Amino acid sequence: CHGKTGSGVGGATPSLTDKARMATKTDADLFETVTHGRPGTGMPAWGKILSERDRWNVIAYIRALAGRQ
């Protein structure tokens, strides 16, 4: 959804590689979003699909994406 590199898709999804933007998000914020989604947006909830460990692994991956730029 955020593109192969995490940089977003045509403004429809936010960039996960934007260091400044990602610095404003705590790991807890990101976990909440991954778990419950963002109603009214295209961000789905993954809490019933991914295990808690897998969701934390997603957060680690998101943090790695932000560190690449």
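Helices (H or I, at least four residues) and strands (E, at least two) are taken here as DSSP runs, numbered from the N terminus. The structure is a predicted model, in which local features need pLDDT of at least 70 and side-chain atom pairs count only at pLDDT 80 or more, whereas totals for chains, interfaces and linings use all residues. Residues are numbered from 1 along each chain as its sequence is written, and side-chain values use heavy atoms, with hydrogens and water left out.

By this assignment L65 lies in helix α3. With a relative accessible area of 3%, L65 is buried, a class that means under 20% relative accessible area, with exposed meaning over 50% and partly exposed in between (1.4 Å probe, protein chains only). When neighbours within four places in sequence are left aside, L65 is in contact (heavy atoms within 4.5 Å) with T5, G6, L16 and T17. L65 and M22 are separated by 43 residues in sequence and by 9.8 Å in space, C-alpha to C-alpha. T17, which is placed in the segment before α1, counts as buried at 7% relative accessibility, and its C-alpha is 4.0 Å from that of A66, although T17 and A66 are 49 residues apart in sequence. A64 also lies in helix α3 but counts as partly exposed, at 38% relative accessibility; A64 and T33 are 31 residues apart in sequence and 17 Å apart in space, C-alpha to C-alpha.

In helix α2 (residues 27-36), the buried residues are L30, F31, V34 and T35. These residues are on the same side of α2 because they cover an arc of only 130° around the axis, the arc being that of the directions from the helix axis to the C-beta atoms. An α-helix has 3.6 residues a turn, so residues three or four places apart point the same way. Just after α2, G37 takes a positive phi of about 70°.

One aromatic pair is present in the structure, where rings of Phe, Tyr and Trp (its six-membered ring) pair if their centres lie within 6.5 Å, and planes under 30 degrees apart count as stacked, over 60 as edge-to-face and the rest as tilted. The pair is formed by F31 and W56 and is stacked, with 4.2 Å centre to centre and 15° between the planes. It links distant parts of the chain, as F31 is in helix α2 and W56 in helix α3, 25 residues apart. F31 is buried, with a relative accessible area of 15%, whereas W56 is partly exposed, with a relative accessible area of 35%.

The largest pocket has a volume of about 730 Å³. On a 1 Å grid over the protein atoms alone, a pocket is an open set of points where a 1.4 Å probe fits, with protein on both sides within 12 Å along at least five of seven lines, and lining residues have an atom within 4 Å of a point; grid points are joined across faces, edges and corners, and the volume is the space filled by probe spheres set on the points. Of the 28 residues that line the largest pocket, H2, L16, T33, M43 and I62 are the closest to its centre.
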